[in-house]
Protein chains: 2
Amino acid sequence: MEDNPMADILEATHRALCRHGYADLTIQDIAAESAKSKATIHYHYGTKEALFSAFLDYLYDQYTAQIDAASGETPLKHLHSLLDILLWNPTEPAKQAFQTAILEVKAQAPYDDSVQEQLIEFDAYLSDRLQAIIEAGIQAREFNDEVDPSTAADFLTTIIKGAHTRQVTVNHPPEHLSVPMTDYIQTYLLANDPAEAPPA
Amino acid sequence: MEDNPMADILEATHRALCRHGYADLTIQDIAAESAKSKATIHYHYGTKEALFSAFLDYLYDQYTAQIDAASGETPLKHLHSLLDILLWNPTEPAKQAFQTAILEVKAQAPYDDSVQEQLIEFDAYLSDRLQAIIEAGIQAREFNDEVDPSTAADFLTTIIKGAHTRQVTVNHPPEHLSVPMTDYIQTYLLANDPAEAPPA
DNA sequence: GCCTTTTGACTAACTGGTTAGTAAGTACTG
DNA sequence: CAGTACTTACTAACCAGTTAGTCAAAAGGC
């Protein structure tokens, strides 16, 4: 399309992945989606494995950009903005197929060191960003300074990943997280003038 | 082995699943693991899909039994016992392969209604048991009666699933959950004589 | 002898990857 | 500018390997 065959193929991979899932993703599917022949895909990327590794790099850039797009006047608002992007946003059925395919890839990580290394970077980026927001909140005296930013960021990361997994496997809407998540932030993270502590 | 070919095949399926993973699980693998021929597997279970559906039923019984094995003198101890079983226990590398295979199955749920229905039962059983424990804790005045048992059980379920996903995909040890999880239970669930509230 | 269980041999479908070859554009050379 | 060499992009045809599922025949128990 845009006179860049390599990029075309990556975009076609994205579409084919959503349409067929990772387990059933064939070079032929990608070829069909890119209006090229199967051999052309091999010509540009060699093996299927090499293509997919390049695709994960391409996804990583999108992922970090999405996370960086979160913003807010205060650390608390920044945090909520990030949660919006990661939890309430991917409810759309269009992105649901993508979430499913990503979970398939995650499940393949233990069988493929290269994939696992790349997924670790995804995970670390999110966790690091969360930690930075929490540290900023503490510094601004908006968050409780007794909170350990690393532990709390790790906890939030686990919750987010759990929501994604349950959404894919049992169709559990991430909206259910809204109340307990807000409560957790309110009670744990915020620098409470010790007035009230409303539980879930 | 035990003069019950059907059961033998299910156990062989378990072993083959751990050894090869779900994506690479073939009837031939199961046959090899059961010391039977491929055709014999088909004779007893028909299609691969039917076999795997029966295998999930078999797993469900094990899963619920494992959850029911949790116990404690008080609801709080009961809850910690259950978390022990679900989080700190599956660290052993033997069970790690199994966790990985299960995540592969979870990722296939959206493509197979039958699998998804079965996985929903797994999820619901855990969430229901957690809810029952929380309700018992409230009734015993050990837990805060302002907590909504359904919401809290759902939150805990999501956290547990998130820990499993991260353990498989990025080798993240569930032990990291210990501190924030204990804090959450302490601060949220427990009926605090409003003395102290130590965050993470 | 009959009914269940088991098996080896086979097939149809599909997959990743290879190869020989085409077409079009670019760079170099005299 | 004409001709040649080289490169990029692409393709149809093909290959080797794998897999779920079938089937007729053999083995085993009662």
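The model is predicted.

**Helix H8 of chain B**

H8(B) runs over residues 149-170, 22 residues in total. From first C-alpha to last it reaches 31 Å, close to the 32 Å expected at 1.5 Å a residue. The helix is mostly covered, with 21 of its 22 residues buried. Just after H8(B), B:Asn171 takes a positive phi of about 60°.

**The contact between chain B and chain A**

Chain B brings 49 residues to the contact and chain A brings 50 residues. Together the two chains bury about 4,000 Å². Carbon and sulfur atoms account for 64% of that area. Polar contacts join 23 residue pairs between the chains, counting pairs with both residues at pLDDT 80 or more. On the chain B side, helices H6 (93-108), H7 (113-139), H8 and H9 (178-189) each supply at least two residues. H8(B) gives the most, with 14 residues. By class, this side of chain B has 24 nonpolar, 16 polar and nine charged residues.

**Salt bridges**

Side chains of opposite charge can pair when their charged atoms come close. Over all chains the count comes to 14 salt bridges. Four salt bridges cross the interface of chain B and chain A. The table lists two that join chain A to chain B and two within chain B.

| Residue | Partner | N to O distance |
|---|---|---|
| A:Arg166 | B:Asp123 | 2.7 Å |
| A:Arg166 | B:Asp154 | 3.2 Å |
| B:Lys36 | B:Asp8 | 3.9 Å |
| B:Arg129 | B:Asp68 | 3.9 Å |

A:Arg166 meets B:Asp154 in a salt bridge. The pair crosses between chains, from helix H8 (residues 149-170) of chain A to helix H8 of chain B. A:Arg166 is buried, at a relative accessible area of 1%. B:Asp154 is buried too, at 8%.

Within chain B, B:Lys36 forms a salt bridge with B:Asp8. B:Lys36 sits in the loop between helix H2 (27-34) and helix H3 (38-45), and B:Asp8 in helix H1 (residues 5-20), so the pair ties together parts 28 residues apart in sequence. B:Lys36 is partly exposed, with a relative accessible area of 25%. B:Asp8 is buried, at 9%.

B:Arg129 and B:Asp68 form another salt bridge. B:Arg129 lies in helix H7 and B:Asp68 in helix H4 (residues 48-68) of chain B, so this pair ties together parts 61 residues apart in sequence. B:Arg129 is partly exposed, at 29% relative accessible area. B:Asp68 is partly exposed as well, at 41%.

In chain A, salt bridges that share partners join A:Arg15, A:Arg19 and A:Glu33 into one network.

Note on methods: Residues numbered from 1 in each chain as written. Chains lettered and ligands numbered in written order. Predicted model: local features only at pLDDT ≥ 70, side-chain atom pairs only at ≥ 80, totals over all residues. Heavy atoms only, no water. Helix = DSSP H or I, 4+ residues; strand = E, 2+ residues; numbered from the N terminus. Expected span 1.5 Å × (residues − 1). Buried < 20%, exposed > 50% of the residue type's maximum accessible area, 1.4 Å probe, protein only. Contact = heavy atoms within 4.5 Å. Buried area = accessible area lost by both parts, 1.4 Å probe. Salt bridge = Lys/Arg side-chain N within 4 Å of Asp/Glu carboxyl O. Polar contact = N/O pair within 3.5 Å; in protein donor to acceptor, adjacent residues only side chain to side chain. Nonpolar A, V, L, I, M, F, W, Y, C, P; charged D, E, K, R; others polar.
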